[in-house]
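Let's walk through this fold together, going from the sheet to its hairpins and then to the core. Please keep the sequence and the model side by side as you read.

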Amino acid sequence: MAAALMAAAMTVQAADMPPGNFAGTWKANFAKSKFPGPPPQVDECTIDADGTVTINEVNSEGKSITWHYKPVEGQAVPIVGRDNTTVLVKKVNDHTNQQIWTSNGKTSKSSAVLSKDGKTTTFNMDGVDKDGKPFHETVVYDKQ
C-alpha cells in the first residue's frame, strides 16, 4: 500500500532498533483486516532478530512483491524493493511503534500495536493514494 516518510528530530547517535516482541513471522488475518481497495492474496511480514523487516505480498492481481528495510532510531531509511520510498520508525513503548512513510513526495502515517499476549499486531495506516484520495487501512497480523 502507500509508503512515505517525513523526517523527525534526529538522535545524537543513530542506532539500530531492536525488534523486541515484534520479532517473528506474521501473517495477515484477512477476516479481521480492512483494506481501502481489493485486498492482497498474501500479506506476510517477517521481523528478524536484528530488526530487519521483510514484507512478502501477492497483490490482488497475483503479482508477487517483496521489500525490506532495517529501522534506525531517528533516521529515515530507504525501503529496498520500493522505488523512492523511505520509512522512519519511532518506538513509542514495548507494544507500539509509529511509522512515517514517504513515497514519491507523499506522506503516510501508521502505527503497529502488539497485543498484550504478543500473538497479534494491528497495523493502521492513513495517507493519500496515487489519485490524491485519502485512505485508511487496518491489517491485523497473527504471529506464526
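Two strands count as paired here if DSSP finds at least two bridges between them. Keep in mind, too, that this is a predicted model.

With that in hand, take strand E2, residues 42-47: 6 bridges join E2 to E3, and the two run antiparallel. Within this pair, isoleucine 47 stands opposite valine 53 of E3. The hairpin of E2 and E3 has 5 residues between the strands, and glycine 51 takes a positive phi there, near 95°.

Now follow the chain onward through E3, residues 53-58, which pairs with E4 in the antiparallel sense, again over 6 bridges. Which residues face each other across this pair? Threonine 54 stands opposite histidine 68 in E4, and isoleucine 55 stands opposite tryptophan 67 in E4. E3 and E4 also form a hairpin with 5 residues between them, and glycine 62 in the turn has a positive phi of about 95°. As for E3 itself, the strand is mostly covered, with 5 of its 6 residues buried.

Let's step back to see where these strands sit. The open sheet is formed by 10 strands, in the order E4-E3-E2-E1-E10-E9-E8-E7-E6-E5, with antiparallel pairing. Its edge strands are E4 (64-69) and E5 (76-78), each of which pairs on one side only. On average, neighbouring strands of this sheet are turned by 25° against each other, direction ignored.

Next comes the packing. In soluble globular proteins, nonpolar side chains tend to be buried together. In this model, the largest nonpolar core has 24 residues, of which Cys45, Tyr69, Val87, Trp101, Phe123 and Tyr141 touch the most other members. At least two residues of this core are supplied by each of E1 (24-28), E2, E3, E4, E6 (85-93), E8 (106-114), E9 (120-128) and E10 (134-143). The largest share, 3 residues, comes from E10.

What does phenylalanine 123 touch, leaving out residues up to four places away in sequence? Its contacts are Gln99 and Trp101, then Ser110, Ser111 and Ala112, and finally Glu137, Thr138, Val139 and Tyr141. Trp101 and Tyr141 are also among the core residues that touch the most other members.

Conventions:
Residues numbered from 1 in each chain as written. Predicted model: local features only at pLDDT ≥ 70, side-chain atom pairs only at ≥ 80, totals over all residues. Heavy atoms only, no water. Helix = DSSP H or I, 4+ residues; strand = E, 2+ residues; numbered from the N terminus. Axes fitted to C-alpha atoms, helices over the stretch in contact; angles between N-to-C directions. Buried < 20%, exposed > 50% of the residue type's maximum accessible area, 1.4 Å probe, protein only. Core = buried A, V, L, I, M, F, W, Y, C linked by side-chain atoms within 4.5 Å. Contact = heavy atoms within 4.5 Å.
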